[in-house]
Amino acid sequence: MAEEKVGRSPPDPARDALFKRELVTLIPHLRAFARTLTGDPTAADDLAQDAMMKAWDARASFQLGTNMKAWTFMILRNQFYSEKRRSWRQSQLDQEAAERTLVAVDDPEAPVALDELRLGLAMLPAEQREALILVGAGGFAYEEAAEICGCAVGTVKSRVSRARRALQAILEAGAYDRDGAAAGDAMHAILADAERLSSLR
Amino acid sequence: MHFGVEDMIEHVPMEDKRKSAAALDEARLRQQAIGVKLRQMFDEVVNEPVPDEFLDILRKAEPPTGGQ
């Protein structure tokens with residue numbers, strides 16, 4: 001709130017319009033990132049909306065022409081963790097999010113490989129999961145991911161590499177242990193699916 | 001006899017190298033596959049239509065235009 005006052009400049013409708021146009025294009029990405037953090041579509045959209053409005057309110061402090069995607073992701077992430085801190089059931093929330101993810105993927109239409117990947121992701125420590133998502137799916141450079149997460153570049157690198165190894169091990173071991181799913185099936189499904197996808201390109 | 005021994009000395013590490021290179025390729029392939037799926041999972045949400053709510057609240061937040 002104090003920062004807003006500092007950053008406040010005279011109203012500039014043209015700049016606001018420009019800012020807004022760019023913000024709107026980022027909404028789908030904010031929704032996707034929020035979904036990976038919360039594991040729940042409804043909570044994710046609430047989070048993405050909050051982040052969008054926070055970005056809008058802070059628009060005067062944003063330097064046009066710099067990386068707005070990274071900036072809004074940082075706002076969203078901060079919002080997520082400050083909400084989590086406020087409710088002091090943090091570990092319980094993690095558990096709940098993981099369980100919701102389990103439920104959310106119980107869609108019979110969803111491709112098997114994606115289900116298993118989501119389950120595997122839910123088993124990773126939160127900081128490894130977000131690093132892997134930002135770099136591996138969100139298209140951010142290590143440097144940008146480090147800025148978003150407020151940590152050193154080296155930390156992001158090691159989190160991503162640990163996440164990759166852990167995820168592969170989980171998928172190969174079938175450690176998520178879903179009823180009846182044979183161990184190793186997940187990795188096979190993912191390999192087959194990825195092959196199919198790349199052959200389509 | 002002499003050649004046989006040398007062959008074996010040469011042969012074993014070569015075999016090992018080939019094996020570990022194959023294992024490395026396999027691991028790389030698996031990581032690539034996971035990467036493809038990760039992006040697919042993320043893009044699935046990115047490609048969803050944005051709920052109207054988002055644009056509605058952004059519209060409402062807009063300061064009144066003109067001399068108000």
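Modeller: Domain bounds come from an automatic or database domain assignment, and by that assignment chain A is divided into domain 1 (1–104) and domain 2 (111–201). This is a predicted model, in which local features need pLDDT of at least 70, side-chain atom pairs count only at pLDDT 80 or more, and totals for chains, interfaces and linings use all residues. Residues are numbered from 1 along each chain as its sequence is written, while chains are lettered from A and ligands numbered from 1 in the order in which they are written.

Biologist: How many residues does the contact take from domain 1 and from domain 2 of chain A?

Modeller: Two residues are in contact if their C-beta atoms, placed from the backbone, lie within 7 Å; here 13 residues come from domain 1 of chain A and twelve residues from domain 2 of chain A. Helices are DSSP runs (H or I, at least four residues), numbered from the N terminus, and H2, helix H4 (68–86) and helix H5 (90–104) of chain A each give two or more residues to the side of domain 1 that touches domain 2.

Biologist: Where does the kink lie in H2(A)?

Modeller: A bend at a residue is the angle between axes fitted to the seven residues ending there and the seven starting there. In H2(A) a kink of about 40 degrees lies at Leu26(A), shortly before the proline Pro28(A), and the helix is followed by Gly39(A), whose phi is positive, near 75 degrees.

Biologist: Which residues is Ala145(A) in contact with, leaving aside its neighbours within four places in sequence?

Modeller: Ala145(A) is in contact with Ala131(A), Leu134(A), Val135(A), Phe140(A) and Val156(A).
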